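Morning, everyone. Please have the structure open on your screens while I talk.

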Amino acid sequence: MSAPNLTPFRPEIAGTQPDYAANIYGSTALRAPRHAPVRIAQSITETTGPQFRQDRYPGNPDISKVPTGEAQGQRIVVEGHVRDEDGKPVPHTMIELWQANSCGRYHHEGDQHDAPLDQHFQGSGRVFTNAEGKYRYTTIKPGAYPWRNHHNAWRPNHIHYSLFGPGFATRLITQMYFEGDPLLKYDPIYNCIPDEAARTRLVASFELGLTEPEWALGYRFDIILRGRSATPFENDQTPAHAHAHAHDHGNH
Amino acid sequence: MPIATSSQTIGPYWHLLHDKAWSDLTRFGATGDIIHITGTITDGGGNLITDACVEIWQASPPVSETFEGFGRAATNAEGRYTFKTLRPTPLPGPNGPAGNSQQAPHIALTILARGLTKALTTRIYFHGDPGHETDPVLSLIEPQTRRATLIARETKPSVWTLDIQLQGANETVFLEI
């Protein structure tokens, strides 16, 4: 086995990640810690991380059907690249996906929204990036659904993503949205991210070239994972607030 | 230069991914000092959190054919997570093998849940292990009394308990990595 890469990952860029506390998102009120996190220097625990073998974690790149039939709704393919902050592809990394069906209902006992379930929709999938960091899967465009964050609150159409990347510090849980969704501007979860450009990067773009003629619409969603610091073995003990001097969360 | 993609909450329906087998890190045949790690997670109102995704990762013992070092568990109706794994040993510090610092045995733990806009990360240490005084992470935590929020206690033979509070008087120390 080759020696593990112990180069730390770069700190987050101010404003591009949501804060834990967010007044507009009610569930944060009792769950967001009151103390600021303690910034630590990354060690082997953070610079390495779990890796998933495809023989143990087989891919499932088409969740739009089951053996007995096809799900209702608009069939789509989603394609994208996973890269790091240096633009380098992240190859053979696992991506987990889950979403509501075309009517906006999750196949989950906690979801009691009055919309039909679809026995032909799988609801979750797993894909791996290839050697060039590219991934692709087939699904049904998820529906919007109401939630109780505030009066008349609706989540925009979205697909949940889970990625691991090369280290424990590159773990990413996010959501992919759809270009032109009128609900985005009202969504507290999307708008928890202070930086508008960062929010916009969560929106997949329709791409005619990805569309499969007579079969499925195509969307592109690229993902960037944290990159490693330029300085190997950097032992950066700078307090978090020194990195966050450019923060302006006043509007959120 | 590209900027890392923003985090979004895992939400209440992440169980669509859930596989109970993943909470047993020994399931590929790992042998050694097998332990169970368990605890409850509570919010700032004292409510048990029953919809959290809890993940652990440990760089010790090293990853092998029989041990992946990673596990995932869902908190149950009593707000409790439980893992079965191997007890870690000391690890090199942040400067890698070339440095002279050493870390006490620990496991990294991540909490993902509805109401968490991004992952909460902390560590599990083991009460009674040597090296806590000089551990590069524990020694950063002030006031010192808060260090105890990262230290599991052996409540039954080979069962280590660490309760986690997301918010409140005995709030767990979380880490920015």
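Chain A and chain B bury about 6,500 Å² between them. Of that area, 58% is on carbon and sulfur atoms. Buried area here is the accessible area (1.4 Å probe) that two parts lose on being put together, summed over both. On the side of chain A, Tyr20(A), Arg31(A) and Phe168(A) lose the most area to chain B, together 13% of what that side buries.

A word on the source. This is a predicted model, where local features need pLDDT of at least 70 and side-chain atom pairs count only at pLDDT 80 or more, while totals for chains, interfaces and linings use all residues. Residues are numbered from 1 along each chain as its sequence is written, chains are lettered from A and ligands numbered from 1 in the order in which they are written, and side-chain values use heavy atoms, with hydrogens and water left out.

How many residues does the contact take from each chain? Chain A gives 80 residues and chain B gives 66 residues. Contact means heavy atoms within 4.5 Å.

Now polar contacts. Between chain A and chain B there are 44 residue pairs in polar contact, both residues at pLDDT 80 or more. A polar contact is a pair of N or O atoms within 3.5 Å; within protein, one must be able to donate a hydrogen and the other to accept it, and residues adjacent in sequence count only if both atoms are side-chain atoms. By class, the side of chain A that touches chain B has 38 nonpolar, 23 polar and 19 charged residues. Ala, Val, Leu, Ile, Met, Phe, Trp, Tyr, Cys and Pro count as nonpolar, Asp, Glu, Lys and Arg as charged, and the others, Gly among them, as polar.

Next, salt bridges. One is a side-chain nitrogen of Lys or Arg within 4 Å of a carboxyl oxygen of Asp or Glu. The whole structure has 24 of them over all chains. Between chain A and chain B the count is nine. Glu96(A) and Arg72(B) form a salt bridge, at 2.8 Å from N to O.

Which residue of chain A does Glu65(B) bridge to? The partner is Arg53(A), with the closest N and O atoms 3.2 Å apart. Glu65(B) sits in the loop between strand E2 (53–57) and strand E3 (70–74) of chain B, and Arg53(A) in the loop between helix H1 (44–47) and strand E2 (65–66) of chain A. Helices (H or I, at least four residues) and strands (E, at least two) are DSSP runs, numbered from the N terminus. Glu65(B) is exposed at 52% relative accessibility, and Arg53(A) is partly exposed at 31%. The cut-offs: buried is under 20% relative accessible area, exposed is over 50%, partly exposed is in between (1.4 Å probe, protein chains only).

Stay in chain A. Lys65(A) bridges to Asp62(A), with the closest N and O atoms 3.6 Å apart. Lys65(A) is partly exposed at 39%, while Asp62(A) is buried at 17%.

Asp222(A) pairs with Arg220(A) at 3.9 Å. Shared partners join Glu79(A), Lys134(A), Arg136(A), Glu207(A), Glu212(A), Arg220(A) and Asp222(A) into one network of salt bridges.

Arg220(A) turns up again in the strands. It stands opposite Ser205(A), in E13(A). E12(A) and strand E13 (residues 217–220) of chain A run antiparallel, joined by two bridges. Two strands pair if DSSP finds at least two bridges between them.

Last one, across the chains. E1(A) runs parallel to strand E12 (residues 175–176) of chain B, again with two bridges. There, Val38(A) has Leu175(B) as its bridge partner.
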